[in-house]
Structures are given as C-alpha cells and as structure tokens.
Amino acid sequence: MAKGSQGRKDHSKVKIGLVMGLFALALTGLWARAGWVQLHEGEALLSKASKQSHAAEFEYGERGRIFDRNGQMLATSVEAKSIYARPFEIENIDVAADTLSRSLNVSRSKIYKRLKSKKKFVWIKRQVTDRESLAVTGADMKGVRLVSEFSRIYPNGHLAGQTIGFVNIDGRGLEGIERVYNERMKPGKAEFVVRRDAKGQRLYLDAQGREMDINGLDVRLTIDTHIQHAAEQALAKSIAKYDARAGIVLVVDVDSGDILAMANQPFFNPNAVRSSKATQRRLRALTDIYEPGSTLKPLLFAAALEEKVIERDTLIDCENGKWKVARKTIRDTHPEKWLPAHKVLRYSSNIGSAKIGMDLGAGVYHDYLTKLGFGEKTNIGLPGESRGILMQPNKWTSVDLAAISFGQGIGTTALQMAKAYLCLANGGVTKELNLVNLPEPDRKNTAVRVFSPETAATVLDMMKDVVHEDGTGRSARIPGITMAGKTGTAQKAAKGGYGDQYLSSFVALVPAEAPELLVITMIDEPQKANYGSMVAAPVCREITVRTLAYYGKLSETLDSSVAENIHVDELINEPMAESMTAPKARPMTDKVPNITGLPVRRALELLVKKGIVPVLKGQGMTVKGQQPKAGQPWPEDNMEGGANDVFILWLS
Amino acid sequence: MSQADKTLLWMVLTLLGAALVLGLGAVWLNIERMDVAYDLRKMDKSLGQKEDLAVKLTVERNNLVSPYQLKRLAGRHSLGVAAPGQIRRIADTR
C-alpha cells in the first residue's frame, strides 16, 4: 500500500498553485476593473448615478393678492392643474382623444389634432377644474400629464373690475392694478434638488432652496367693496332706467383723498376676460374725456370770488335767457333778467356764468383751471390716463371763454373733476387722490392753496342752496343731512358742432359745511331724459345715503335744519337730544313678559321703552332665551340699564 | 505574548468592534433617514393640498361675504339699507 502510494505523483501542489493562480488572476482582474471604473470612468459614472438618484425640482410662488381697504379679498391665485401631452409617448391616439374630449369637454377633433402633432410637448387644456383634473388622473393615460399652475380668481366678480384689471394665462398683469403692480405681485421661483428612489418617487432631501420667500407681495387699495357695490348698483339702475350708453361714479373720502369707489358701467368681470369687449375693460373715469357742463361752474365762481370779480350778491344781467356772443347765441333753461351771483349758480345760468367768465378773463381763469389740475394727469398711477383738453388761453375766442365758463369747450376726466372738487372741499388747498394704500405711494407733497378758506366756504354755501333751496339739485336732497351739490347737463360734441346727446352729471359734497364725502356721477347719453337733476342727482343721492348708512352716519332726524349745525362725526359721538338718555324705567306691567322668539330688534325696542338696555349674548336675529325669565319682577328701578347684566338676551 | 502585544491586540479588536458598530449605525441611520424622507414627502404633499384647499375656501368665503351675495341674502330676509331717519343711536348709560 505504502509502496503503491509512493509510486503515484503528488499533483496537489500544482493544483493549489493553479487555484491560487486563478484566484490571483481573478482578483487582479477585479482590481484592474475596479481601478478602471474608479479612476477612469469614475466621474462620468458618478454623474450618471447622481442623475438617477437626484432630480431638480422647481416651485413657483403665488402671485400677490389684491385687497380692499378693509382687507376684503379682490384678487387671489388658486392652484389649478394644466394638462399637457407628449404625443410621441401616446400609444393609441384615438382612445386618448376620446377620453380627453369626454373628461375635459373639449371637441375631439381639436384634441386629436394636437395629439397628432410632431411636437414634443403640447398643451391640452390649461387651468382645468378639480373635477376635470381628477378625471384625467383617473384615466391614467401614458404620455398625458398634469402640471400645477396658478390661476387668478376675482371673488367679487365684476366689482371694481376695470380698476383691478386682469392677468394673462401666464399670470402677467395686462391691465389696471394687476399691470401697474405686476413687478411687486409677480411670484418668484425656487429651484432645489430632491432624491429619487428606484421607482422614481421623490424624497425630501433638505430645505435648501426652499427657505426663500417666493410669493409675490400683496397690494391694498383704498376702495371699499361695500361703497363700490353701492355705487355700481345705483349706477346700473340709472343706466338701465334711462337707457344710457355708459356711466361713471367716483366716491372720495375728503379727509384722506382716498378713492372709496370708482364704478364704471358697462361692467367688466376679470374672471371672464375672453368674453369681454374692449369698451367694457376701459376704466372710463380716467380714460374718457367729457365736457363737464355746469358742474364746472362752481370752480369758475370760486375763481371769480377769489379774484373779487364777484361777491355772493353781485347782480348779474342774465338777458332773459338769450344772449349773443360773437355770432353764437347762449341760452338758459330758466330765463331770468337780474340775478345775484349765488342764484346764477343755483339756477345754473349759462349767460350769467359766461359774463362772470368774461369779467374774470381767459388768462386768469386758465391759471385757476391749471392749478386745479385740468389739462394734466392726476398721476393716480394707472395706465391709460388722459390729460383732458385745455386750450392755451391765447387761443380762446370770446365764444370759447363763454363756453368754458359753463363747462363746454373743455375736456376733463372724471378723476380731474374729483381732484378739482377735492380742493374746494379741502378748504381751497389741493390734495392728491389715492387709489393704493399698500405700497404707500411715494409722492411729493404738492399741496397748493388755490382758494382762500372763505372763498371755498362761500362756494360750498352757494352749492348748498342748489340742493336745499329751489335750485337744480333738489332731487339729491337727503333729509337730515346738508349737501352741497351741482348738476350738469352738457351737450356732447358731434360732427360739425353739438349733437342731440348729453352727459348728465352731478357733484355732491356731504356735509355741506365741512365736506367729508365727495360723490361724482356722470351718465353718458341717457335717452329717456337728459337733465343732470333727473338722471345723475338721484344716483348721487342713493350712493350718499348708502355710504352714510354704512358708516352709521345717517341722521336720526329728517329735519335738515336740526342736522345742519351738527357735524356728521359728532352724530355718533354725541347723539341727538331725543336719543341721548334712555327713558327712565317705567314698567307697564309688574312682571317681565315672555320675549323669547321675538326678533331682536322688536325685543330691544320693547326693553328700551322700559329703560333697559339688555346685554346680548350669541349671534343671530331671534331671541332664544332671557334673564330674568318671563313672570319674574322687573329689575329694580335704581339699577342702570345693562349694568351688572341685569337683563340678558341669548340670540340664535 | 508580551504585555505590549496584548494591549495592541485589544486596541485592534476594540477598533474593529467600533468600526463594525459605527458601520451598522450608519446603515441604520440611512434607513431611518430614508423613512423620514418618505414621511416628509408625504407630509409635504399633504400640506400643499391643505394649503391649496385653504386658499380655495378663502376664495369661497370671500365670495359668500361679497356685497352682492350679502345684498341677495339681506333681500331674502327683508333687510335693506336704512333710510334717513331710520337710524337710532342708543346712548350707552353704563
């Protein structure tokens, strides 16, 4: 055995050597390959790996919002899905076109044509509704994808539509505030890297790139939605009633110069830009030039009073309603012979005004008109503003001077008129009109005294007579409130002279003595009547009543002589004598009645009559509980109403 | 084995053990990190959806309290703007 085994060759060493050699070769190969991959292809492979596991992502911010003066939202952006396709990825175009057409309510042929396109990317429908987006997501079609965009929404519809303006589908402001403040409101873009897993799902890596604020900044207007609504309603009603072509209303807070409402009819709904016409989108208050007519007369009177050309009672020959200047005849609707200056304004005599204008002189009158802002932009900051038309005085003929004295032959915008009257209401000092509260307008203080306080007060007093005496503005009278007003009925220029269309207007300042509110109404081409007193004055009245009611400043009394001496602000702080003290408690019955179920107003009246001001708990209009209960004795006489919660009403 | 060799051996073993623990810890942390990343992504998406909904609800709220809607609602309840002489101010005698 041992001999035999000794005779065999021992190959184990060779085998081991072979295996080791193979291993060495394999390892060397691996090392060589690893070295090659690591050192030679390293960078390229690293970048490939990075592409697989990381992805760049973009995030767009939200466009800034627009608010009214009270924080009521006028414009905002809402995320909406847009649907696009990569046509080359779509397997069955017929099926895809059918599904998309059904889900999106778009014609099949239109979608089919887009899907047949050779482009790499085609939009199918942008900014779809949530329902449409869900339907497309549910269909799970290859090559059809959704992407998030922001669509602009105007929750109040056409309210102040022309002022707010609108944006295009890419979110760029094209008109109004949207355009002017586009840079401020436009959103930023954040770019950051996310990690992807094997399935391509994205993981949150870190906040790098996201911490920046990419949302656009907000804009706050001076507009008050409630007053704007009141102005639009009143304007629309009048335009429908008189079948007019267009209309403008401006409501201005005299103290601050803030525009509270700027209504333009026809209305424009920025949510439906495509279906609107250019005439609807125009902000007429600043683009359209009108001959103001008699509403310019108070400014002429102010200039004449300031220059001492007239006094309040200066007698003026009104020529019995017919007067020839050069070869033109001027007529009055209320023919009179001799009138004191204040009655010239009250009865809106064109002849009397023309004579005052002529006494004043073209140069002086032009200077005043320029100082008041006519012939130049108000610089309110909106695009498309007109300068109006104001000829140089050396070009004025005697007819021009006479015509401009009663508001013809001069072109003004509603905004210019508002600025001029703001000066009068502000005691004769000019004041800028504001439309934007935030960002604060960066304007120099350009206030100039044009009239003395006495002149301004005299003109306001004369304008008060227009409304409160037998003047042309009687239809604007509001019981319990004094108003300075002026009507205007201007003939509109047509081919070769003046036609048979009119601009009816009315200017109101409330209260007359120290105006807090300025309301200007212009109704363009009313058909069924054309006098400012009939068409525009009631609009001013309605807006003023609604504005005063909204501010709680309407008078408690219908007697304007009582209210005349009371500043409207004081009406709140110092109620009228009749309402100063609650009546002394004089219970008619011994026990408290059951007032549960009564409207809160009725219950309050009942309790106030008995000298009790109850404490109201909860919200609502109906009384659902009371303390003390019905049948219990009345609270003691010596207890003040409301004190110590003597009477509590729970509302629902 | 000398005392110095023993010390060296222990140090090597300790280091190897520490490397193993640290390696395992790194793997565990990475798994946890991925889990957190998935959760964060989910929460991020959910937050986005909620914010989106909040904006839509704000728009709806603004629409409901818009003057046009309020006027319609007031009309349904026979309420309207106060006319001159209809407002009463009750003095606060407390």
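**An oblique helix pair and its setting**

Mentor: In this predicted model, H13(A) and H19(A) are oblique to each other. The axes of helix H13 (residues 297–306) of chain A and helix H19 (residues 453–468) of chain A cross at roughly 140° and come within 9 Å. The crossing in which H13(A) passes H19(A) is right-handed. On the side of H13(A), the contact is made by Pro298(A), Phe301(A), Ala302(A), Leu305(A) and Glu306(A). H19(A) contributes Thr455(A), Ala456(A), Thr458(A), Val459(A), Met462(A) and Met463(A). Sorted by class, the contact of H13(A) with H19(A) has eight nonpolar, two polar and one charged residues.

Another helix pair in chain A may be described in the same terms. Two packed helices are described by the angle between their axes and the distance between the axes. For helix H4 (residues 93–104) of chain A and helix H5 (residues 108–115) of chain A, the angle is about 135° and the axes are 9 Å apart. H4(A) and H5(A) are therefore oblique to each other, and H4(A) passes H5(A) in a right-handed crossing. From H4(A), the residues in contact are Ile93(A), Ala96(A), Ala97(A), Asp98(A), Leu100(A) and Ser101(A). They meet Arg108(A), Ile111(A), Tyr112(A) and Leu115(A) of H5(A). The contact of H4(A) with H5(A) divides into seven nonpolar, one polar and two charged residues.

The loops of chain A call for separate attention to the backbone. Most residues other than glycine have a negative phi, and most peptide bonds are trans. Ser348(A), although not a glycine, has a positive phi of about 55°. Its place is the loop between helix H14 (341–346) and helix H15 (350–360) of chain A. With 28 other C-beta atoms within 10 Å, Ser348(A) is buried. Asn379(A) is likewise not a glycine and has a positive phi of about 55°. Asn379(A) belongs to the loop between helix H16 (362–371) and helix H17 (398–405) of chain A. Here the count is 14 other C-beta atoms within 10 Å, and Asn379(A) is partly exposed.

Val510(A) and Pro511(A) are joined by a cis peptide bond, with omega about -15°. Pro511(A) sits in the loop between strand S17 (497–510) and strand S18 (517–524) of chain A. The bond from Gln627(A) to Pro628(A) is cis as well, with omega near 5°. Pro628(A) is found in the loop between strand S20 (623–627) and strand S21 (648–651) of chain A.

Along the principal axes, the C-alpha atoms of chain B fill a box of roughly 115 × 40 × 15 Å. Buried residues account for 4% of the 94 residues in chain B.

Conventions: Residues are numbered from 1 along each chain as its sequence is written. Chains are lettered from A and ligands numbered from 1 in the order in which they are written. This is a predicted model: local features need pLDDT of at least 70, side-chain atom pairs count only at pLDDT 80 or more; totals for chains, interfaces and linings use all residues. Axes are lines fitted to C-alpha atoms, for helices over the stretch in contact, and angles run from 0 to 180 degrees between N-to-C directions. Helices (H or I, at least four residues) and strands (E, at least two) are DSSP runs, numbered from the N terminus. Angles under 35 degrees count as roughly parallel, over 145 as roughly antiparallel, 65 to 115 as roughly perpendicular and the rest as oblique. A crossing is left-handed if the near helix is turned anticlockwise from the far one by less than a right angle, and right-handed if clockwise. Two residues are in contact if their C-beta atoms, placed from the backbone, lie within 7 Å. Ala, Val, Leu, Ile, Met, Phe, Trp, Tyr, Cys and Pro count as nonpolar, Asp, Glu, Lys and Arg as charged, and the others, Gly among them, as polar. A residue is buried if 20 or more other C-beta atoms lie within 10 Å of its own, exposed if 12 or fewer, and partly exposed in between; C-beta atoms are placed from the backbone.
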